[in-house]
Amino acid sequence: MAQPAEQLPRPMLPTPFRVLETWEEIPGCMSLRVEPAGTGDAAGACAFAPGQFYMIYVFGQGEVPISISGDPARTGELTFTVMAVGTVTDALCAVQPGGIIGLRGPFGSVWPVDEIEGRDVIVMGGGLGLAPLRPAVYHLLNHRDRYGDLTLLYGARQPRTILYTDQLAGWSANDSIDINVTVDNAGRDWTGKVGVVTDFLNWRRLDPDRTSALICGPEIMMRFSAYALLDRGVAAENIHISMERNMKCGVRMCGRCQYGPFFVCDDGPVFSFDRVQHLFRIREV
Amino acid sequence: MTATTNKAGVISRDSLEGLFDALIARDYVPVGPTVREGVIVLDELRGVDDLPEGWTEDQDAATYRLMRRADAALFGFNNGQHAWKPYLFPPKAKLWEAEKTPDGGFSMRETPDAAKAFAFIGVRPCDLHAIQVQDAVFMAEQNTDPLYARRRRKAFTVVIQCGQAAKTCFCTSMDTGPRADGGFDLALTEILDADRHSFVVEAGSAAGASVLAEIPHSEARPDDLAAAEACTKRAVDQMGRTLDTTGVKDLLYGSYESRRWADLERRCLACGNCTMVCPTCFCTTVEDVTDLSGTHAERWRHWESCYTTDFSYIHGGSVRPTIRSRYRQWLVHKLATWQDQFGTSGCVGCGRCITWCPVGIDLTEEVRLIRDSERKKDAADGHVQEHPHASD
Ligand SMILES: Cc1cc2nc3c(=O)[nH]c(=O)nc-3n(C[C@H](O)[C@H](O)[C@H](O)COP(=O)(O)OP(=O)(O)OC[C@H]3O[C@@H](n4cnc5c(N)ncnc54)[C@H](O)[C@@H]3O)c2cc1C
Ligand code: SF4
Ligand code: SF4
Ligand code: FES
């Protein structure tokens with residue numbers, strides 16, 4: 001029954017990764033491209049599915065959950081987009097190319113990109129919530145022929161906090177996905193739309209039986225978006241959201257990410273709305 | 001554990017030292033109940049003399065008092081503040097260390113655990129179940145905590161079957177006692193009457209049987225077994241509290257918006273005592289630190305309580321800023337969501353949270369009040385509500 005010590009898993013021990021490149025996305029928000037620092041199977045070490053996240057450790061500073069924001073088709077490396085909001089994320093945004101960080105993962109459930117093949121897909125992002133959605137968008141576009149109509153509805157606070165602007169413009173230009181961006185408020189030089197992201201659903205034609213939605217953003221944005229889609233006849237099981245909770249382990253052990261019966265680190269972060277709708281109605285779960 | 005159900009034996013009071021001798025000879029560190037500063041605690045034991053001979057406790061909500069017994073029972077009490085949890089899941093543990101390397105990177109190594117193998121002596125049946133509840137958390141097929149797993153696999157458990165119950169005990173409601181039928185290495189029942197002081201002993205594993213073989217003992221006679229049965233019956237009869245578990249999961253899933261939580265908020269201090277004394281609570285926080293030179297880093301894991309606002313903090317604030325939502329998290333986790341997470345109740349009915357709550361909040365009473373208030377609500381609504389839950 002006793003196992004030799006070496007065979008026990010070490011779920012809390014990070015693996016060193018080298019930062020290859022960093023760039024500023026928007027003020028206070030950096031993207032980092034990384035690869036395993038050690039030798040070995042880099043592709044295997046970086047395999048993930050859209051929607052998953054890593055626990056990222058900055059030497060001596062701490063560890064935080066960060067979603068993968070890069071293209072799943074680019075093997076052997078990972079890209080993250082990090083907003084500096086506190087101790088660890090500040091330190092992470094300050095890491096220079098060549099620097100080493102520690103990674104554990106990938107963890108969590110995934111955007112159901114395989115299950116929704118053949119369907120129209122509405123991707124709805126709020127603020128930094130576009131980062132965890134981007135691997136799914138890459139996947140949809142990499143396999144464009146497998147899906148029906150593709151739509152991205154994205155809301156940011158201000159024009160200067162719109163993530164991935166060049167890329168959005170590029171995708172928009174090649175017509176394979178319908179891109180719609182709105183901001184909460186803007187100066188006169190903004191020629192785009194001002195309003196909330198759910199406004200886009202008001203006039204949009206959609207076939208509720210053929211439509212699946214992937215939503216990530218602040219909880220309030222996800223609530224309004226999910227209910228707007230329900231109102232349009234999209235079934236709760238075809239609406240998918242990604243939850244955020246405090247996380248210290250990623251492996252169902254620290255208890256911190258509990259959301260009713262769920263551990264968001266492992267049962268989530270992606271949930272179909274029918275599984276969490278009853279909790280979404282209640283405050284402070 | 002495989003039950004090598006040999007026939008039950010009897011160890012006399014004077015031969016019980018042989019249990020310690022056999023365990024110490026096998027390099028176990030015996031841990032068990034002993035009296036320190038007016039309470040029965042768990043600590044390392046040298047032998048029978050360290051046991052709380054002739055002591056008992058009076059427990060009730062927010063009450064704990066050590067008292068003298070009229071006899072010389074060695075295990076004539078129930079559960080003190082301490083659970084066995086700290087020995088398998090330390091309150092503070094260094095998980096790993098890292099050193100900066102000249103190339104700008106760092107190397108990491110798991111911190112070896114220096115703890116010896118523990119022999120737990122006098123584990124109450126409810127606490128044995130609590131250990132099994134934590135096994136499901138820390139030794140799940142997918143995710144295993146190496147620190148817990150190593151200590152647990154090395155540990156030897158000697159159960160003491162209960163012959164009495166405290167006013168705070170409700171193991172019969174939770175189906176965890178007062179008698180354990182398996183899952184131990186050895187189980188003792190203390191028999192103490194006018195003409196004998198002895199222990200009926202059963203081995204529950206091969207390791208248990210081999211230890212027992214070294215302790216002087218005789219085969220149990222029918223009257224020994226009858227006396228052991230009478231002990232169990234006495235404990236059942238004395239059971240101080242009950243918790244009606246019928247449909248408790250659905251009851252609590254349906255009670256997130258109950259008015260009872262506001263009432264609890266007026267009494268609960270959010271001190272977290274109930275989570276610290278609870279033998280099943282497993283939540284932790286992680287602290288990453290460096291030394292002054294900045295070249296050596298360590299990761300520490302500490303127990304954490306869901307009663308802190310930090311527990312659920314995400315950017316912008318705590319998910320559960322009010323005490324009512326934190327008490328709700330605790331109670332609903334213990335009795336309802338735990339069942340969906342781990343296939344078992346998170347409460348084993350040990351009663352510690354009742355005794356050690358500074359204001360005497362009693363979960364058995366709170367569940368009763370929630371049940372009553374939901375029943376009244378349903379009656380007022382004129383229908384039975386369907387409670388959505390996540391078990392499907
Ligand atoms: C599944 C998941 C994916 C995430 N993906 C991203 C991402 O792609 N990009 C990104 O910038 N951020 C992401 N976050 C949020 C990010 O983890 C937090 O911003 C980060 O933990 C803040 O830590 P800090 O030390 O910088 O801040 P501080 O405020 O100094 O942190 C103190 C502590 O609070 C907790 N905490 C604070 N904010 C959060 C938060 N928002 N979520 C969880 N715990 C928090 C942590 O326990 C942290 O240790 C994600 C969070 C989760 C749960
Ligand atoms: S909740 Fe209370 S009675 Fe139940 S196991 Fe924990 S401390 Fe014991
Ligand atoms: S969430 Fe609270 S009640 Fe549940 S295990 Fe953690 S500390 Fe205990
Ligand atoms: S992050 Fe620790 S249990 Fe989910």
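Predicted model: local features only at pLDDT ≥ 70, side-chain atom pairs only at ≥ 80, totals over all residues.
**View 1**

**View 2. Where domain 1 of chain A meets domain 2 of chain A.** Here 25 residues of domain 1 are in contact with 23 residues of domain 2. Together the two domains of chain A bury about 1,800 Å², and carbon and sulfur atoms give 67% of that area. Three residues to look for are A:Ile26, A:Phe53 and A:Ser69: they supply 22% of the area that domain 1 buries against domain 2, more than any other three residues.

**View 3. Strands and polar pairs between the domains of chain A.** The rule finds 4 residue pairs in polar contact across this interface, with both residues at pLDDT 80 or more, and 0 salt bridges. On the side of domain 1 that touches domain 2, the elements giving two or more residues are strands E1 (15-26), E3 (53-58), E4 (62-67), E5 (78-83) and E6 (100-107) of chain A. That side of domain 1 is made up of 15 nonpolar, 6 polar and 4 charged residues.

**View 4. Chain B meets chain A.** Now step out to the contact between the chains, to which chain B brings 58 residues and chain A brings 44 residues. The two chains bury about 4,200 Å² between them, with 61% of it on carbon and sulfur atoms.

**View 5. A salt bridge between A:Glu63 and B:Arg299.** How many salt bridges are counted between chain B and chain A? The count is 1. In the salt bridge shown here, the side chains of A:Glu63 and B:Arg299 meet at 3.2 Å, N to O. Polar contacts between chain B and chain A come to 19 residue pairs, with both residues at pLDDT 80 or more.

**View 6. The side of chain B that touches chain A.** Helices and strands both take part: the elements of chain B that give two or more residues to this side include helices H3 (125-138), H4 (146-154) and H11 (323-342), along with strands such as E6 (92-100), E13 (284-290) and E14 (296-303). Helix H11 of chain B gives the largest share, 8 residues. Sorted by class, this side of chain B has 24 nonpolar, 19 polar and 15 charged residues.

Key. Residues numbered from 1 in each chain as written. Chains lettered and ligands numbered in written order. Heavy atoms only, no water. Contact = heavy atoms within 4.5 Å. Buried area = accessible area lost by both parts, 1.4 Å probe. Salt bridge = Lys/Arg side-chain N within 4 Å of Asp/Glu carboxyl O. Polar contact = N/O pair within 3.5 Å; in protein donor to acceptor, adjacent residues only side chain to side chain. Helix = DSSP H or I, 4+ residues; strand = E, 2+ residues; numbered from the N terminus. Nonpolar A, V, L, I, M, F, W, Y, C, P; charged D, E, K, R; others polar.
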